[in-house]
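Here is a briefing on a protein chain modelled with an RNA strand. Have the sequence and the coordinates open while reading.

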Amino acid sequence: MSQVRVRFAPSPTGFFHIGSARTALFNWLYARHTGGTFVLRIEDTDKERNSEEFLNVIYDSLRWLGMEWDEGPGKGGDFGPYRQSERDAIYKEYLEKLKAAGRTYEKDGAVYFKLLGERSEVFDEHRKKTVTKVANTPAIIDDQIRGRVERIEDEDFVIVRSDGSPVFHFVNVVDDIAMKITHVIRGEDHLSNTSKHVELFKAFGVPVPKFAHIPLILKQNGPGKMSKRDQGALIEEYQRRGYLPEALVNFLSLLGWNPGDDREKMPIAEIIRLFDLPGVNQSNARFDDKKLAHMNMTYLLELPEEKFLELARVYFEKQNVFTAGWPAETYFREVIALAHPKIKGIEELPAYTKYFFTEDFVIDDKVRAKVLSKGEPKARLAELIELLRTADLSSDLAIEDAIKKLAESKSLGFGDYQAVARLAVSGTNVGPSITGMFRVLGREKVLARLERFGATL
RNA sequence: GCCCCCAUCGUCUAUCGGUUAGGACAGGAGAUUCUCAUUCUUCAAAGCGGGGUUCGAUUCCCCGUGGGGGCACCA
């Protein structure tokens with residue numbers, strides 16, 4: 001195990017979204033790549049905005065995506081507790097160090113961190129008030145992605161609120177020191193905060209960790225970064241919709257990083273092997289749900305049949321598709337197998353397979369008009385009914401053979417029978433092979449539907 | 001307003017000074033398949049502008065412009 005220690009430090013004040021997931025992912029990847037330790041720390045110092053429910057969302061989402069933490073809540077470790085709300089004693093201890101060093105003062109009941117340098121009163125246009133500026137020297141941020149960044153922190157800032165609770169900047173740095181974090185990998189939105197953090201590290205007399213500020217994910221439409229309110233922003237939504245976590249992780253890894261060549265679809269072990277901080281891009285990336293959907297489809301297509309069946313089963317259960325009871329296992333299995341190579345996402349499954357499970361499906365009017373406008377569908381239907389009364393329906397090949405022979409005898413093509421049969425049996429013009437549909441549905445249902453539809457012509 | 005970061009097809013990106021600027025998603029056209037989807041072929045599509053440095057800049061530097069982020073007793 002290497003000395004690298006990284007942490008993901010979410011605040012349970014909202015849902016777990018794409019941006020957080022990618023920050024977690026890059027931390028996790030770096031830990032796995034270096035053989036280091038991935039720490040999960042919960043930043044719940046803002047009592048007003050926290051909830052247990054949000055905490056579980058974080059745990060569930062991380063686990064679903066396959067990012068198990070090495071230290072943290074439920075896992076233990078030598079530097080716990082891992083929830084900031086339980087670390088008051090540690091913050092008090094560190095606050096005393098700062099006080100002893102003469103780097104704090106109180107004002108309006110709050111504790112301020114005192115910067116070093118000459119002070120002057122300046123009117124701040126933005127905040128419309130007079131503030132005290134400090135002629136500080138620039139903080140040097142050694143960023144693994146952006147290189148050397150300098151920024152001057154020129155105002156004292158609050159580290160403990162008047163109600164006694166410590167502020168983010170303070171606890172964040174204290175915990176990174178106490179938990180021996182070596183690399184701080186976080187979103188670029190924190191880059192401007194980093195000068196505060198560097199000042200604190202220096203005030204504590206400890207070495208400043210390496211930083212890596214990763215680019216942000218911009219919302220798909222409109223300006224700005226993606227937030228939890230944006231369409232497609234929540235991890236739990238992908239979970240609910242039956243997306244494959246491997247696909248989501250693969251997609252996320254490619255937002256701001258690449259393996260250095262043309263490869264996109266890669267197993268996680270390969271991503272871990274190739275991932276490194278200097279390879280991360282510096283510019284923000286716009287979220288693209290189409291590309292995610294495509295990535296998901298490629299993963300879905302190569303999923304082993306048993307695995308796909310289980311995902312389908314779970315999805316049908318969650319969506320409560322079968323209100324009147326589950327279909328027979330072998331039947332369900334055959335339907336799902338038929339749909340597997342044809343769909344782009346698990347969420348399409350119920351609609352795609354509906355007519356397999358009920359007689360109560362609608363005939364699409366547009367498709368009906370289109371199919372009935374060509375050839376002699378009524379005659380074809382009658383011939384098909386006649387054929388299927390006795391034909392061998394035990395295999396797709398046998399069915400295809402029978403229909404082809406029939407078509408040949410009338411100097412017609414397979415398509416002349418396919419379209420009208422499909423419409424009668426499924427109500428639409430999209431679906432699995434007609435032979436597969438016949439085989440799985442069985443003679444009785446197929447004939448009944450063909451006859452029922454024929455009666456409307 | 002001040003500070004910080006960034007800049008290649010619509011989008012994600014490759015290129016570590018010399019390339020017909022490549023790939024992927026999305027889009028167009030075609031082929032294959034019983035429909036649809038897949039798959040395959042193919043087309044269209046990019047170096048923000050201006051200055052430098054250099055024999056030569058997408059690549060290095062500067063200035064604009066544009067985009068993003070930050071400037072709380074939120075995290």
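Predicted model: local features only at pLDDT ≥ 70, side-chain atom pairs only at ≥ 80, totals over all residues.

Residues are numbered from 1 along each chain as its sequence is written, chains are lettered from A and ligands numbered from 1 in the order in which they are written, and side-chain values use heavy atoms, with hydrogens and water left out.

**Overall build**

- Chain A contains 18 helices and 13 strands. Both are DSSP runs numbered from the N terminus: helices are H or I with at least four residues, strands are E with at least two.
- The radius of gyration of chain A is 31 Å, whereas a compact globule of 457 residues would have one near 23 Å. The radius is taken over C-alpha atoms, and the globule rule is 2.2 Å times the number of residues to the power 0.38.
- Along the principal axes, the C-alpha atoms of chain A fill a box of roughly 100 × 45 × 45 Å.
- Buried residues make up 50% of the 457 in chain A. Buried means under 20% relative accessible area, exposed means over 50%, and partly exposed lies in between (1.4 Å probe, protein chains only).

**Surface around RNA strand B**

- There are 61 residues around RNA strand B, and Arg146, Arg161, Lys342, Gln418 and Asn429 come nearest. A residue counts as near if one of its heavy atoms lies within 4 Å of the strand.
- By residue class, this surface has 19 nonpolar, 21 polar and 21 charged residues. Nonpolar covers Ala, Val, Leu, Ile, Met, Phe, Trp, Tyr, Cys and Pro; charged covers Asp, Glu, Lys and Arg; the others, Gly among them, are polar.
- Aspartate 108 places a polar backbone atom 3.0 Å from a base nitrogen of RNA strand B.
- Phosphate oxygens of RNA strand B also take part. One is 3.2 Å from a polar backbone atom of phenylalanine 168. One is 3.2 Å from an N or O atom in the side chain of asparagine 281.
- Elements giving two or more residues to this surface include strand E8 (147–151), helix H4 (168–178) and helix H16 (414–426). Helix H9 gives the most, with 5 residues.

- Strands E3 (residues 104–107) and E4 (residues 110–113) pair in the antiparallel sense over 4 bridges. Pairing requires at least two DSSP bridges between two strands.
- Threonine 104 has phenylalanine 113 in E4 as its bridge partner.
- The two strands form a hairpin with 2 residues between them, and aspartate 108 in the turn has a positive phi of about 55°. Most residues other than glycine have a negative phi.
- Aspartate 108 is exposed, at 69% relative accessible area.
- Serine 411, also not a glycine, has a positive phi near 55°. Serine 411 sits in the loop between helix H15 (396–409) and H16. Its relative accessibility is 68%, so serine 411 counts as exposed.

**Salt bridges**

- The count is 41 salt bridges. Each is a side-chain nitrogen of Lys or Arg within 4 Å of a carboxyl oxygen of Asp or Glu.
- Glutamate 188 and arginine 146 form one, with the closest N and O atoms 3.5 Å apart. This pair links distant parts of the chain, 42 residues apart. Glutamate 188 is partly exposed at 26% relative accessibility. Arg146 is also among the residues that come nearest to RNA strand B.
- Arginine 439 and glutamate 334 meet at 3.9 Å, N to O. Arginine 439 is in helix H17 and glutamate 334 in helix H11 (residues 329–339), so the bridge ties together parts 105 residues apart in sequence. Arginine 439 is partly exposed at 26% relative accessibility, and glutamate 334 is partly exposed at 36%.
- Arginine 263 and glutamate 270 meet at 2.9 Å, N to O. Arginine 263 is partly exposed at 35% relative accessible area, whereas glutamate 270 is buried at 18%.
- A network of salt bridges links Arg7, Arg41, Glu43, Arg87, Asp175 and Asp176.

Notes
Polar contact = N/O pair within 3.5 Å; in protein donor to acceptor, adjacent residues only side chain to side chain.
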